[in-house]
Amino acid sequence: MSKVKESVNFRKEIKVGKFTISLKKIIIFVGIILVLIISFSVFGNKDSEVEPIYDKDNKPVYINKESINDIYSDAEKYKGQFIDISGKVFNKKTEDGITLLQINADVDNSDDNTLIYYQGKTDIKNDDFIKVTGYILGTSEYSNALGGDVSAPKIMSTKLQKSTYLDVARPTIKQVKYSDKVINQSGYKIEITKVEFAKKETRVYVTASNNASDDFSIYTYSAVATQNGKQYEYDSNYDAGYEELSSELKPGITSKGILTFPAMDQSNFTIIIDGSSDNWDIDLKDFKFDLEVK
């Protein structure tokens with residue numbers, strides 16, 4: 001299924017009662033509904049005619065990486081070739097020992113509708129993230145809930161595994177671990193243990209401990225990163241469900257979490273985190289970390 005060009009300004013919003021909803025979210029939601037109820041005649045016998053392609057050494061022949069997006073316009077051209085694909089499950093059905101998982105390979109835009117066949121049953125369910133290796137069966141054409149014609153590439157999986165939002169939507173390009181990035185002020189301690197660079201975000205792993213006798217407040221939403229003369233604001237990724245750092249720690253409490261920022265270069269940068277004590281006699285300075293990236 002080819003992607004539809006967006007012809008509206010998605011910064012626009014509409015109000016429903018006291019709520020404000022972006023047009024983009026509405027369109028994505030409607031798009032999901034339109035393809036959610038499908039005709040499962042795609043469990044046809046024609047798929048059994050497609051054989052996986054192997055080379056002379058009996059190794060799977062994979063579709064070229066440059067051609068992967070072409071399966072949404074002409075999957076028939078690549079029948080039998082292997083592909084690695086991932087996405088989020090939004091529909092599941094099992095029939096005659098075959099499980100069919102309908103996924104959005106484009107997680108961010110709920111797009112690139114793809115049908116994944118699996119021989120047998122699986123505990124994978126709706127809203128799970130999965131990674132798949134399999135061979136292309138061609139294109140399936142069916143009707144959506146409103147009777148419209150829809151097409152999607154179909155893949156017979158040879159390997160199917162449950163994954164995570166991070167690995168599917170924000171895979172790590174580079175990872176750097178630290179053992180000496182610790183700042184302790186009057187018993188209030190913040191430590192950075194790891195940084196992960198991804199194509200669409202930067203993740204900073206933080207551990208905070210309150211070893212003092214008064215409450216410790218951490219202002220994660222005002223945390224900033226600076227790099228090469230640019231400043232990057234904290235940018236919470238609500239869809240990811242990452243572990244969150246507590247904003248207020250009672251004495252004796254330790255909390256771990258991930259701070260997310262926009263994508264940055266894989267080079268040295270600085271993280272600044274602001275905190276305060278309930279003891280007004282203690283004036284905490286910014287927790288400033290200079291992070292080397294090697």
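Both Arg203 and Glu201 are buried, where buried means under 20% relative accessible area, exposed over 50% and partly exposed in between, with a 1.4 Å probe and protein chains only. Arg203 and Glu201 also form a salt bridge, their closest N and O atoms lying 2.8 Å apart; the term asks for a side-chain nitrogen of Lys or Arg within 4 Å of a carboxyl oxygen of Asp or Glu.

A word on the numbers: this is a predicted model, in which local features need pLDDT of at least 70 and side-chain atom pairs count only at pLDDT 80 or more, while totals for chains, interfaces and linings use all residues. Residues are numbered from 1 along each chain as its sequence is written, and side-chain values use heavy atoms, leaving out hydrogens and water.

## Salt bridges

The structure holds 11 salt bridges. Here are some of them:

| Pair | N to O distance |
|---|---|
| Arg203 and Glu201 | 2.8 Å |
| Lys194 and Glu196 | 3.5 Å |
| Lys250 and Glu248 | 3.8 Å |

Lys194 counts as buried because its relative accessibility is 18%, and Glu196 is buried too, with a relative accessible area of 5%. Lys250, at 46% relative accessibility, counts as partly exposed, as does Glu248 at 43%. Through shared partners, salt bridges join Asp108, Arg170, Lys194, Glu196, Lys200, Glu201 and Arg203 into one network.

## Nonpolar cores

A nonpolar core is a set of buried Ala, Val, Leu, Ile, Met, Phe, Trp, Tyr and Cys residues joined through side-chain atoms within 4.5 Å. The largest has 31 residues, of which Ile190, Ile192, Val204, Phe269, Ile271 and Ile273 touch the most other members. At least two residues of this core come from each of strands S10 (188-198), S11 (202-210), S12 (216-227), S15 (254-261), S16 (269-277) and S17 (287-291). S10 gives the most, with 5 residues. Strands are DSSP runs (E, at least two residues), numbered from the N terminus.

Setting aside neighbours within four places in sequence, Ile273 is in contact (heavy atoms within 4.5 Å) with Ile190, Val206, Ile218, Ala223, Leu259, Asp286 and Phe287. Another core, of 17 residues, lies apart from the largest one and includes Leu101, Ile130, Ile155 and Leu160.

## The barrel

In the order S3-S4-S5-S7-S6, 5 strands close into a barrel with mixed pairing; two strands pair if DSSP finds at least two bridges between them. From one strand to the next, the twist averages 45 degrees, with axes fitted to C-alpha atoms and angles running from 0 to 180 degrees between N-to-C directions. Strand S3 (residues 82-95) pairs with strand S4 (residues 98-106) in the antiparallel sense over 7 bridges. Lys93 stands opposite Leu100 in S4.

Conventions
Helix = DSSP H or I, 4+ residues; strand = E, 2+ residues; numbered from the N terminus.
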